[in-house]
Amino acid sequence: MSSRRDRADDLRELMESEGEAIGGNTQLINQLTAENVGSFDRYEELREEARATKEAAIENLPDLIDRLEEAVSANGGQLHVAQDAADANRIIEEILDERGAEKLVKSKSMTTEELEVNDHLEPDYEVVETDLGEYVIQVADETPSHMIGPAMHKSAADIADLFNDAFDLEEPLSDDPAELTEFARERVGEHILDADAGMTGANFVVAESGSIMLVTNEGNARKTAVTPDTHIAVTGVEKVVPTVSDLQPFTELIARTGTGQDITSYVSLLSPPVDTPIPDFEADEFRPAEERDFHLVLVDNGRMAMREDEDLRETLYCIRCGACNNACANFQSLGGHGFGGETYTGGIGTGWEAGVHEMEGAGEMSELCTGCSRCVPKCPVKIDIPWINTVVQDRTNRDAEPGDFDFLVDGLTPDEEPSGLDLQKRFFGNIETVAKLGSLAPGLANALADTSLADWLLERFVGVDERRDLPEFAGETLREWYGARGPRVDDPDREVVLYPDLYTEYFEPERGKAAVRALEALGVRVRIPEVPESGRAPLSQGMVATAREQAERVHGALVGHVDDGRDVVIIEPSDLAMFRSDYEHLLPERSHERLAEHSYDVMEYIYGLLENGADADALAGPAGEGEGRGDERVAYHSHCQQRTLGVERYTTAVLEELGYELRESDVECCGMAGSFGYKSEYYEVSMDVGKRLRADLGDVAGEELVASGTSCRTQLDALYDRAATHPVELVAPETGSR
């Protein structure tokens, strides 16, 4: 309990100290990125090319490294392959010793952050960062908070205060960004002129030519590389690609996804040692280029093991654009310091930390991934980042030490997880069992849940924040209702299975009833069979074995219907995401494909029926009957996974066809994201994210408040203190009977 409270305190302090700057900067970049990518016709085509190039390069990595060594040597440089951080630092120090260097200037490089090069060298060498953000971080003695914006958590006023305190200035600096940039540029420039060696990273390394590609917006990297006579480039082995032509898709994508630019200010392709004369500023002359020295340090540090790891392997495709950081709603509130990690942070940071550092830090980071999946379409190389976070959670769960009483919990919970699993995860991962038990006596369960004792017990033992209202059990489940009612279409054009998701079945059967009425009004016969929970609940807790067992049961319950020609219609978007995306990791390929091909969002299915000639007049519109159905204006928040799947447009199309005046939210996520918003350590983060949704939608007086997802509706209920409606409830005709 105390660790949850400590975690909540730490996150609250970060939201207060860094949240405003991080939120403003990431959201601005998101806007720029969305505009740029939206007007770039080749985005998806280049993503495919980039993905294919990285897949092939990682597959053939040992051969590429051999070819690269030959090319670097032919150019006059030297290639070193460092097995770990200590090995890399030893190599770098030996190079500096041999050259008699005293001062090293560096351009931005996450790999050198991973190696902690500065900490290793600074006792014996003067090390100066030349990237503006890294320079700020170095002066502040902090760690980067963002993959490409290391000082993103600081405002201009913060930086002015920092410089005024750190330097003995005749006149204090103002918070004018131009003035601060000019000050830092002059300081850094003096160090570059005076340096004995320069260290850069490398965004990409070309095996055929030994060339390195540097992508920057400040120009400091090329100065660092060519001004001193010694150039050391340090980068991970995963950065190697076969040929120069392979760089094209990455050049087009990295700035668009990272900063919203067509291309960065500087794209440098060097084949070092470069053949330009060496400036000697003290002697006011140039020395011959032949005196240049180049060393390329390729770092393994766990990467070759990641290459053999089926689940972490995709991490090596990362091109470090930071788009997943910007897209993450929780990151927008907390920044990288909230996610933690020794070096890397945010979405893809979990995979990196698990691969190159310890699992402990990676496990804590993965807890902040809600699986909303909004980072997936933003990743230029199509990495399934939520799955990587899920895998890391699963491994962390399995590394936990069993407690004294775990044998009791093991016997009570029907999951496939080992002893030692956190009780909070076990509770949320087995929520179907809780729902089944509660629905046996819903009145009693609701009365018990509404007591302060229940609040205390749930918060004390499973970390459910008492500030959240628990959902109420319905007096009758959806299948009980349908079993008593039966189908109402005798001569159907189509027949479907309505998937009775957990919340629709036990807590909100009204939206299930509305789906049945809407489908029947369009001539569809509906069946509601007994089907287990999709596995979403355990998957969100990193309980992969349990989720797989659930997925297999769901497939077993539905595959016969699919074979008989029935489509599967789904109300809850997170379950649709399971069927279409997550089951790829949990079921055999053919089984996943069968379910994915025949599963539809309920509003997507209604849209399809209307497009194929069904009568829209059979549905309810703004003038439909029934309380609350007369509103013409709708404030709509679509589910994050619905948007990732690209099916949110069907809801807006149907509502607009029926005559509703619609406006939509534009935030990445509402912040609730299933169990995340119920957890006491993350409740305030969830509400902070929710505030952005509240600000985006604004005043909804006089409008129908509509959301597709259960968690979104729970969050909107809390934000507006009024109930939100599922879109299918707007279009379902009222029958006046069951």
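Me: Let me start with a loop. Where does Pro273 sit?

Reply: This is a predicted model, so read each feature as part of a prediction. Pro273 lies in the loop between strand S9 (266-270) and strand S10 (278-280).

Me: What kind of peptide bond joins Pro272 and Pro273?

Reply: Start with the general idea. Most peptide bonds are trans. Now the case here. The bond between Pro272 and Pro273 is cis, with omega about 0°.

Me: What about backbone angles? Which value does phi of Arg320 take?

Reply: The general idea again comes before the case. Most residues other than glycine have a negative phi. Arg320 is not a glycine, yet its phi is positive, near 60°. Look for Arg320 in the loop between helix H13 (303-307) and helix H14 (323-327).

Me: Is Arg320 buried or exposed?

Reply: Check its relative accessibility against the cut-off. Buried means under 20%. Arg320 has 9%, so it counts as buried.

Me: And how does Lys382 read?

Reply: Take phi, then place, then cover. Phi of Lys382 is positive, about 55°, although Lys382 is not a glycine. Lys382 belongs to the loop between helix H18 (359-366) and helix H19 (385-399). Its relative accessibility is 28%, so Lys382 counts as partly exposed.

Me: Now a strand. Which residues lie on each side of strand S2?

Reply: For a strand, look at one face and then the other. In S2 (residues 103-106), Lys103 and Val105 are on one side. Leu104 and Lys106 are on the other. All of them are buried, and both faces of S2 are covered.

Me: How many bridges join S2 to strand S3?

Reply: Read a strand pair by its direction and its bridges. S2 and S3 (residues 126-129) run parallel and are joined by four bridges. Within this pair, Leu104 has Val127 of S3 as its bridge partner.

Me: How do S2 and strand S4 pair?

Reply: S2 and S4 (residues 197-200) also have a parallel pairing, over three bridges. Here Lys106 stands opposite Met199 of S4.

Me: Take Leu457. Where is it, and why does it count as partly exposed?

Reply: Leu457 is in helix H24. Leu457 has a relative accessible area of 36%, so it is partly exposed.

Me: What sits over the ring of Phe461?

Reply: Look for a charged group above a ring face. The charged end of Arg460 sits over the ring of Phe461, 5.5 Å from the ring centre. Another case is Arg256, which lies over the face of Phe40 at 3.6 Å from the ring centre.

Me: How many aromatic pairs are there in the whole structure?

Reply: A search of the whole structure gives 18 aromatic pairs. Rings can also be read as groups. One aromatic cluster is formed by Tyr135, Phe163, Phe167 and Phe183.

Me: Last, Glu611. Is it buried or exposed?

Reply: Glu611 is in helix H32 (residues 602-611). Its relative accessible area is 52%, so Glu611 is exposed. Now compare chain and space. Glu611 and Trp481 are 130 residues apart along the chain. Their C-alpha atoms are separated by 30 Å.

Note on methods: Residues are numbered from 1 along each chain as its sequence is written. This is a predicted model: local features need pLDDT of at least 70, side-chain atom pairs count only at pLDDT 80 or more; totals for chains, interfaces and linings use all residues. Side-chain values use heavy atoms; hydrogens and water are left out. Rings of Phe, Tyr and Trp (its six-membered ring) pair if their centres lie within 6.5 Å; planes under 30 degrees apart count as stacked, over 60 as edge-to-face and the rest as tilted. A charge sits over a ring if NZ of Lys or CZ of Arg is within 6 Å of the ring centre and within 35 degrees of the ring normal. Helices (H or I, at least four residues) and strands (E, at least two) are DSSP runs, numbered from the N terminus. Buried means under 20% relative accessible area, exposed over 50%, partly exposed in between (1.4 Å probe, protein chains only). Two strands pair if DSSP finds at least two bridges between them.
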